[in-house]
Amino acid sequence: FCCLMQEIKNGIDRTHLILRRNRIGCMETEMIRAAGAQPGGEWRFSVLDRACLNMVIKGMWLFHGRLDAAAMKESFARLLGYYPHLCGRVMRGEAVACDNSGVPFAVDEAPRCRLEQAVLMPDAPKRFGAHFDLSGFKRGRQAPLSVRLTRLADGTVLSLHGAHGCMDGDAFYTLVENWGRLHRGEPVVQPVADQSLLPQPATLSAEELLRSVKAAGWYPVGWRQLFQTVWAAATGIGRRRSLPLHIGAGDLEQLRQAFNDRHGVRYGIHVILSALVAKMCIRLEGLAPETACSHITVTDLRGRIPGLPAGFAGNAVCNLTAGPFPAGSTLFEVAASVDAMLRKMFGDDGAGLGEFTALYFAAIAGRVPYLPINLSGMNSRRPTVFYVNDFLKLPLYGAEFGTGAPYAVLPHDLPDQVKIWPSPPDRPGADLYFTGHLARLVDSSDTAGLLADMLREYGVTLTV
């Protein structure tokens with residue numbers, strides 16, 4: 001049933017794309033192939049890749065000035081030489097043949113639209129988005145990547161859509177940063193396309209695997225959890241996103257210093273912001289103090305698992321849960337819970353993280369109906385689980401093509417419950433985006449006022 005719902009949604013998306021492409025007759029598409037000799041071979045899907053095959057990462061960058069399409073295509077061809085699996089095609093549903101079939105690169109003109117108008121358009125991701133046929137990708141007809149360049153009256157919109165089955169957010173945004181580096185004649189962050197570097201699933205029998213996930217306190221996934229997920233997708237609530245809630249870089253630094261000074265700790269921005277988001281949601285929902293809550297951190301495995309380098313070009317993330325903690329916990333108590341979990345996982349050269357990922361990958365491969373995430377608590381109308389994906393350390397604004405840093409980078413539409421997104425360079429800091437039921441709650445409440453009150457408790461005045 002889940003696969004059927006995904007195929008229905010993909011069919012609707014394809015219809016919208018066909019209608020839009022028929023409406024815009026000036027778009028030109030060229031197949032760009034990697035420059036130079038290619039190694040051949042194949043990119044075999046990992047356990048994580050297979051879990052992400054039904055998702056697409058949609059990135060959009062807006063620039064001052066009209067980028068040179070010909071020069072962009074030339075540097076993109078050189079970029080593909082570093083990523084041979086992205087210009088190949090899926091074969092037998094098991095791997096991407098690195099055969100240099102090419103990546104579609106569309107160029108469009110929107111001379112009546114100005115940059116300031118485009119960035120404010122609610123439908124900008126659809127209006128200027130690249131065409132990506134997910135079903136075609138899985139059947140070997142579509143490249144794992146597609147590009148669209150739209151030149152405005154005074155700027156440019158660059159859209160890339162990539163198959164999540166071939167890359168995660170770190171790999172995706174590093175790829176675009178590398179494109180900018182090549183375009184400017186600078187060295188790239190060397191991508192590593194070696195799937196054997198990923199942790200291997202634990203070797204356990206079906207009975208042993210089931211006992212292990214139960215002993216680890218994982219949550220069962222039954223019809224109720226599947227129905228909640230499908231209902232959120234079918235009704236659109238799972239894709240609903242709030243307006244951004246901005247915290248300036250200066251306010252973040254003041255909060256970090258005040259928080260650490262008061263409590264005698266040395267927590268980073270991620271831990272403090274994670275706790276702040278959780279407590280904001282708890283207060284907005286009016287949860288009873290004894291309600292059990294938890295926090296989930298989307299965690300990059302690069303540099304934390306022995307042998308997995310920072311430049312790994314595929315999927316290398318897992319979800320780590322902190323808690324449960326009572327809803328009545330203080331901000332410091334929630335932050336301490338998140339910090340303790342991360343220290344436990346990252347300590348001893350990542351031994352805890354290695355054990356967790358081996359079990360995590362084995363559970364995915366074995367299709368065990370258990371997850372380390374409480375889906376019921378996350379997808380309920382009053383969530384008690386807060387899933388945070390933090391993008392502050394990713395090079396979103398490193399994509400420079402001769403006209404300066406991007407004017408804005410729009411967040412992708414994957415249903416992360418909370419996104420911590422770097423704001424544009426002209427107003428540095430973090431933008432908080434909420435998805436699903438939290439988006440409905442945040443947009444209908446005085447969330448900015450609540451945030452200001454919570455910062456004021458630490459002597460920080462929220463800058464408007």
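Start by selecting R241 and Y433: R241 lies over the face of the Y433 ring, at 5.4 Å from the ring centre. Here a charge counts as sitting over a ring if NZ of Lys or CZ of Arg is within 6 Å of the ring centre and within 35 degrees of the ring normal. Next, pick R262 and Y458, where the charged end of R262 sits over the ring of Y458, 4.3 Å from its centre.

Before moving on, please keep in mind that this is a predicted model, in which local features need pLDDT of at least 70 and side-chain atom pairs count only at pLDDT 80 or more, while totals for chains, interfaces and linings use all residues. Residues are numbered from 1 along each chain as its sequence is written, and side-chain values use heavy atoms, leaving out hydrogens and water.

**Colour by confidence**

Colour the model by pLDDT, the predictor's confidence in each residue, from 0 to 100. The protein averages a pLDDT of 90, and 94% of the residues score at least 70. Now select residues 1-9, where the pLDDT is below 50; this stretch has ten contacts in the model beyond near neighbours in sequence. Residues 11-25 also have a pLDDT below 50, with 16 contacts beyond near neighbours in sequence. Contact means heavy atoms within 4.5 Å.

**The open sheet**

Switch to a cartoon view. Helices (H or I, at least four residues) and strands (E, at least two) are DSSP runs, numbered from the N terminus. Find the six strands that form an open sheet with mixed pairing, in the order β1-β6-β7-β8-β3-β15. Two strands pair if DSSP finds at least two bridges between them. At the edges are β1 (28-32) and β15 (408-410), each pairing on one side only. From one strand to the next, the twist averages 15 degrees.

Select β3, residues 56-64, which pairs with β15 in the antiparallel sense over three bridges. Within that pairing, L62 stands opposite A408 in β15. β3 also pairs with β8, again in the antiparallel sense, over nine bridges, and the bridge partner of K58 in β8 is H161. How many of the nine residues of β3 are buried? Seven are, leaving the strand mostly covered. Buried means under 20% relative accessible area, exposed over 50%, and partly exposed in between (1.4 Å probe, protein chains only).

α7 lies across β3, β6, β7 and β8, running at about 140 degrees to β8. These angles run from 0 to 180 degrees between N-to-C directions, with axes as lines fitted to C-alpha atoms, for helices over the stretch in contact.

**Aromatic rings**

Show the aromatic side chains. A search of the whole structure finds 20 aromatic pairs. One of them is Y173 with W421, an edge-to-face pair at 6.0 Å centre to centre and 75 degrees between the planes. Y173 lies in helix α7 (residues 169-183) and W421 in strand β16 (residues 418-422), so the pair ties together parts that are 248 residues apart in sequence. Both Y173 and W421 are buried. Rings of Phe, Tyr and Trp (its six-membered ring) pair if their centres lie within 6.5 Å; planes under 30 degrees apart count as stacked, over 60 as edge-to-face and the rest as tilted.

**Two buried residues**

Go to H85, in the loop between α3 (69-80) and β4 (89-91). Is H85 buried or exposed? H85 is buried, with a relative accessible area of 1%. Leaving aside neighbours within four places in sequence, its contacts are W43, V96, C98, P144, C166, A193 and A313.

Then select V213 in helix α8 (residues 206-215). V213 is buried, at 0% relative accessible area. Beyond neighbours within four places in sequence, V213 contacts W218, L359, A363, V368 and Y370. V213 and V368 are 155 residues apart in sequence and 8.7 Å apart in space, C-alpha to C-alpha.

**Backbone stops**

Which residues does a cis peptide bond join? The bond joins G323 and P324, with omega about 10 degrees, and P324 belongs to strand β12 (residues 317-326).

Finish at R92, in the loop between β4 and β5 (95-97). R92 has a positive phi of about 55 degrees although it is not a glycine, and is exposed at 60% relative accessibility.
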